[in-house]
Amino acid sequence: MEFFTEVISKILNSSGFNAFAGIHEWVYNEGTGLVEKVTLWDWRNAVMLLIACVLLYMGIGKKFEPLLLVPIAFGMLLANLPLTGLMAAPAAEASPGFMWVLYQGVGHAIYPSIIFLGIGAMTDFGPLLANPKSMLLGAAAQLGIFAAFLIALVLGFTPAEAAAIGVIGGADGPTAILTASKLSEALLPAIAIAAYSYMALIPMIQPPLMKLLTTKKMRAVKMTQLREVSKVEKIVFPIAVTLFVVLLIPDTAPLVGMLMLGNLFRECGVTDRLSDTVQNALINIVTIPLGLSVGFKATGATFLSKETLFIIFLGLAAFMLSTAGGLLLGDLMYFLTKGKINPLIGSAGVSAVPMAARVSQMVGQKENPSNFLLMHAMGPNVAGVIGSAVAAGFMLKVFGG
């Protein structure tokens with residue numbers, strides 16, 4: 001009986017339930033030469049467990065970007081449970097934690113690059129090639145990245161942190177994750193969650209701006225059918241873009257290179273099996289560790305801070321300014337072409353493919369039921385993917401150290 005009692009007592013004392021009162025340990029700090037008290041679990045972790053449950057509800061119940069929001073939220077749930085050791089770094093006499101191993105794919109830009117490989121294979125660049133002017137709309141929709149960068153500097157963030165925050169404006173989750181992992185790893189969870197949350201909320205955020213910055217007459221414009229793009233053009237384009245962009249800004253190589261390789265798989269006609277793999281199996285496999293890794297960095301000590309609130313605000317501002325940038329250039333192109341271009345397609349210049357293009361189609365069709373803007377909007381949408389990768393590469397080159 002005494003043995004049984006001792007075993008039960010040992011289990012209870014070492015359980016996570018017992019840790020809810022707060023766990024601390026004393027750690028020697030080599031930098032200061034002092035023994036410091038480190039909090040392992042406190043009330044902030046309990047708050048993060050609640051936030052994780054809310055995000056799971058958003059992903060499952062409301063279907064907001066569920067493929068990434070669900071693993072991110074579950075990773076956050078695991079990260080804030082006490083005594084798991086899942087994120088333990090390798091030590092002389094102990095193996096690293098499971099999540100520490102998975103996280104190396106984020107830290108070394110592996111997962112975001114593979115996600116871009118899949119995006120390239122799933123995306124038709126034909127609308128962009130058929131209407132090269134739409135590249136300008138994709139460039140204009142990067143306005144929010146640089147505007148949010150400047151605002152973040154004013155709020156007191158370092159240049160590297162401000163650059164990582166600004167990339168949220170591109171509405172491209174993998175790009176935001178890669179940039180944050182290189183420039184400000186501590187801000188990675190807040191940046192990733194903000195980026196994917198605003199991507200999921202595109203159908204709610206963009207339409208009011210579209211109506212504010214365009215007239216009913218503009219929104220009802222019907223655009224002429226795009227020309228047919230040849231097979232040769234579609235094959236040459238990813239090769240040419242890779243050569244030009246990577247030579248211009250080498251730091252774009254992981255994202256732009258993989259995006260264009262995936263598109264080459266799609267278009268060349270001799271790699272159908274590879275194209276199918278990266279579009280389906282590979283991108284799905286990588287999405288799981290990517291989401292879990294991001295969630296595992298969202299612990300109470302790092303996430304619950306005024307900086308996180310600033311990031312949520314700046315992410316929304318960046319996204320709205322990017323949408324506005326595309327719409328305003330669309331307005332200008334409407335006047336320059338004497339009403340031949342519907343400015344709604346400018347809002348698709350953000351990188352969320354193909355959701356932003358679908359929102360342009362939806363709003364345009366409400367004004368004119370015979371209006372079909374989807375393929376026209378895909379041009380700026382694809383340009384936005386390239387544009388956000390280039391902007392991120394620029395930030396990494398300038399502030400990457």
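Q: What makes a group of residues a patch here?
A: Patches consist of residues with over 30% relative accessible area and no salt bridge, like charges being joined within 9 Å and nonpolar side chains (Val, Leu, Ile, Met, Phe, Trp, Tyr) within 5 Å. A salt bridge is a side-chain nitrogen of Lys or Arg within 4 Å of a carboxyl oxygen of Asp or Glu. The model is predicted: local features need pLDDT of at least 70 and side-chain atom pairs pLDDT 80 or more, while totals for chains, interfaces and linings use all residues. Residues are numbered from 1 along each chain as its sequence is written, and side-chain values use heavy atoms, without hydrogens and water.

Q: Which residues make the nonpolar surface patch?
A: Leu143, Ile151, Leu155, Phe313 and Leu321 form this patch of about 390 Å².

Q: Why is leucine 155 called partly exposed?
A: Buried means under 20% relative accessible area, exposed over 50%, and partly exposed in between (1.4 Å probe, protein chains only). Leucine 155 has 35% relative accessibility, and therefore counts as partly exposed.

Q: Why is the pair of phenylalanine 125 and phenylalanine 237 called edge-to-face?
A: The structure holds five aromatic pairs. Rings of Phe, Tyr and Trp (its six-membered ring) pair if their centres lie within 6.5 Å; planes under 30 degrees apart are stacked, over 60 edge-to-face and the rest tilted. The centres of phenylalanine 125 and phenylalanine 237 are 5.5 Å apart with planes at 90°, so the pair is edge-to-face.

Q: Why is phenylalanine 125 counted as buried?
A: Its relative accessibility is 3%, so phenylalanine 125 counts as buried. Phenylalanine 237, at 13%, is likewise buried.

Key. Areas by Shrake-Rupley, 256 points an atom, 1.4 Å probe, with all protein chains shown as cover.
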